[in-house]
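I opened my notebook to look at how the parts of this model are put together. Here are my entries, in the order in which I looked things up.

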Amino acid sequence: MQSKAHTFTANARAALADEPLQAALARFQGGFPVKRRAAIDRLPEFDALRDAGKAIKDAALANLDIYLEQFEAKVVAAGGHVHWCEDAAAARQTVIDLCREAGAKTITKAKSMIGEEIAINEALAAAGFTPIETDLGEYIIQLRDEAPSHIIVPAVHLSKEQVAESFRAHHRDLPAERPLSEPQAMLDEARAILRQAFLTADVGITGANMLIAETGSTVLVTNEGNADLTQTLPRMQIVIASIEKVVPTLEDAATVLRLLARSATGQELSVYTTFTTGPKRGDDLDGPAAFHVILLDNGRSRMLGGPFAEMLRCIRCGACLNHCPVYSAVGGHAYGWVYPGPMGSVLTPNLIGLAGTSDLPNASTLCGRCEEVCPMRIPLPRMLRQLRRDAFASGGGPKPMRAGLAAWAFVAGRPWLYRLATGLGVRILGLLGRRHGRFRRLPGASGWTAVRDLPAPAGRTFQALWTERNGARQ
Amino acid sequence: MSDTCRHRPLIQPGVQVILIRMHDEQLTVGLFVTCLVDLMRPSVGFAAVKLLENAGCRVVVPAQQTCCGQPAFNSGASAEAKAVARQVIDAFRDVDYVVAPSGSCAGMIKTHYPELFADEPAQAAAVAALAAKTYELTSFLVDVLRQKPAAGTYPVAATYHDSCSGLRELGVKAQPRYLLSKLEGLSLTEIPSAETCCGFGGLFCVKYTDISAKMVDAKVDDIAASGAKLVLGGDMGCLMNIAGRLQRRGLAVEVRHVAEVLAGSADDAPAIGESDGKP
């Protein structure tokens, strides 16, 4: 996916003017955050669980090579295959080669952010395959040729009217008189199409919420059950997962699962939680004959040991998006690449470079809500600041801002000059603004006054008044 | 004058100092004025001085201070931020406590100076000492001085905006509400978005004006729906942003720093962005 993060400001402006999007975002506000709060209130040990989850992921990351190799050995022992892919291109090629090997035509896909990261659908289509998304939200945006706008609810930016419109445009057998105004009717319509895809698919591609080193299992959570049909019905299953998804033990996976759904949707557990180990065994009733895991690095191993290593604890629950006031204002597409919101603003520059993405870490008030709700206690604001430092050090940022900061630092570093300059400035502004108490417009302050009045200064600085009064006291 | 300020901090930079000062001498509090209070609204600074003096402290205002350096720090300009921060470290070396009428500036000194100077081990002790003795005003009054709410009268329907840094970096939430609790006539209605960022965010509000406007509108909508006629808070940045948007939208809701109301000095200055009626 071509990044559009470099036009973040314009993307955001368009998003703010997009009425259906704004209506969808407003509806979304009252959902997950409220349910998460309720779920956590029902679990007094939630904070202790967060500490446990953090410790599990830290331990896994500290010995990532060992756990990944252990995972590989277990997958192989179960009859599966593991492919180590350094970057997106290698992962795409491996998937395409496997699909060719399987003689595939139709490929079902369960929701996978790694799939988005490596743009697997485009690559498969270009190679002559027909990939079909089976998660309802992903299916809808695939019809519309859009990217997900949220990491767990990819079509959250759409209204049900827009969805009905897309179904009518793409489902040729759908009679025009059939009503599609209710979500259930749309669900039935999508299900009828997807059933056919499940039954004809030759290869099923899924992501993984976790990989378990101890058992060689992959863990998938969904609320629709589509991932299970994607895994079990085709002849070949391909799991695409990034390397930081590994946890040491089954017990560890259980701990992380307790955090995941509560943080994401406010559920105790997702409706379906599936542990899969290897291909179909002799006495299994169903399951794929061939089982492959793609282990994707794509820049993650570079993050280990550095200031962004803690980002690799992320379990993709989406809580930071759901609670971010900036995400809530502009939605996910404005961020311009695969991962939106606070986690995306840290991850995107790390994965595709800071050049062209430096707006992402800057477009935050650093309000800290993301860190507050993160089940893995990832210090997102600290990392956003680090990215700002990196961008500033490499000459990034608008020129007027850099010049302004330099001038400010020069003056603020010289208290006598600061007093002189500010004393004069507030005198003038105080006089000009005295009548109304505020400015509706002020040259050089349009970033402020475009949308709000600017209070006028009182006219004298505190320091000046304090010196005067204290002088009088003595 | 109350004697609550006579509790000495347990750890002092020099035993002799403790021995000399142990007998009921006043605490010396250095007021970190903050640039916004200094330039825009001195009444908040004087209210803070009054509250601290009423609590028995001796207040000094080092003239060497300008800004805490946060605008540079949050822009990624570490060298510029450090230059300004060094002045703060020097200016407040000799006071017992540093108190700021701002969660944002206090948070900068307390939680971010150690990060800013992490690559300068020689500064570590001075930075840690400063961080340890720095407090946001209402937190200092309640958590350190154990002040009780003062009685008074302030009849108005109010609401409180929790600024992000104060709330999440310093745990300022109950303290201002506690101090306001004995003001007769003042009713405090909580808005659903009390803990949601108002969209100020320092330079964010001028760099990403449209997004900031959307955020402050959500806040202003909540305030309007609550029926409150006064918004209180502990940070001038947020308050100027909220007041400015309320006024731009023509909503008759006043905005003030909580220190002015607590000190009983609200009559000393018109509400933020309002005129004093004099020509």
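Entry 1: I started with one residue pair: Met210(A) has Val219(A) of β6(A) as its bridge partner. Met210(A) sits in strand β5 (residues 210-212) of chain A, which pairs with strand β6 (residues 217-222) of chain A in the antiparallel sense over three bridges. My note on terms: strands pair if DSSP finds at least two bridges between them. Elements are DSSP runs numbered from the N terminus, with helices being H or I of at least four residues and strands E of at least two.

I then looked up the whole sheet: it is open, has four strands in the order β8-β5-β6-β9 (chain A), and its pairing is mixed. β8 (246-247) and β9 (272-276) of chain A are at the edges with a single partner strand each, so one side of each has no neighbour in the sheet.

**Entry 2: what I am looking at.** I wrote down that this is a predicted model, where local features need pLDDT of at least 70, side-chain atom pairs count only at pLDDT 80 or more, and totals for chains, interfaces and linings use all residues. Residues are numbered from 1 along each chain as its sequence is written, while chains are lettered from A and ligands numbered from 1 in the order in which they are written.

**Entry 3: a six-strand sheet in chain A.** I found another open sheet, this one with six strands in the order β1-β10-β7-β4-β2-β3 (chain A) and parallel pairing. Which strands stand at its edges? They are β1 (81-85) and β3 (130-133) of chain A, and each has a single partner strand, so one side of each is left without a neighbour in the sheet. On average, neighbouring strands here are turned by 20° against each other, direction ignored. Axes are lines fitted to C-alpha atoms, for helices over the stretch in contact, and angles run from 0 to 180 degrees between N-to-C directions.

At one end I checked strand β2 (residues 106-109) of chain A, which runs parallel to β3(A) and is joined to it by four bridges. There, Lys109(A) has Glu133(A) of β3(A) as its bridge partner.

**Entry 4: two helices in chain A.** Helix α4 (residues 46-62) of chain A packs against helix α13 (residues 250-264) of chain A at about 130°, with the axes 9 Å apart. The two, α4(A) and α13(A), are therefore oblique to each other.

Which residues of α4(A) make the contact? I listed Leu49(A), Arg50(A), Ala52(A), Gly53(A) and Ile56(A), facing Asp252(A), Thr255(A), Val256(A), Arg258(A) and Leu259(A) of α13(A). Contact means that C-beta atoms, placed from the backbone, lie within 7 Å. By class, this contact of α4(A) with α13(A) has five nonpolar, two polar and three charged residues. (Nonpolar is Ala, Val, Leu, Ile, Met, Phe, Trp, Tyr, Cys and Pro; charged is Asp, Glu, Lys and Arg; the others, Gly among them, are polar.)

**Entry 5: two helices in chain B.** Helix α12 (residues 209-226) of chain B and helix α13 (residues 236-248) of chain B cross at roughly 75°, and their axes come within 10 Å. That angle is why α12(B) and α13(B) are roughly perpendicular to each other. The contact uses Val216(B), Asp217(B), Lys219(B) and Val220(B) of α12(B), plus Asn241(B), Ile242(B), Arg245(B) and Leu246(B) of α13(B).

**Entry 6: where the chains meet.** How many residues does each chain give to the contact? Chain A gives 49 residues and chain B gives 58. On the side of chain A that touches chain B, α20(A) gives the most, with five residues. That side of chain A divides into 28 nonpolar, 10 polar and 11 charged residues.

Leu405(A), Ala409(A) and Ala412(A) of α21(A) meet Glu80(B), Ala83(B) and Val84(B) of α5(B). The contact of α21(A) with α5(B) has five nonpolar, no polar and one charged residues.

Conventions. Two residues are in contact if their C-beta atoms, placed from the backbone, lie within 7 Å. Angles under 35 degrees count as roughly parallel, over 145 as roughly antiparallel, 65 to 115 as roughly perpendicular and the rest as oblique.
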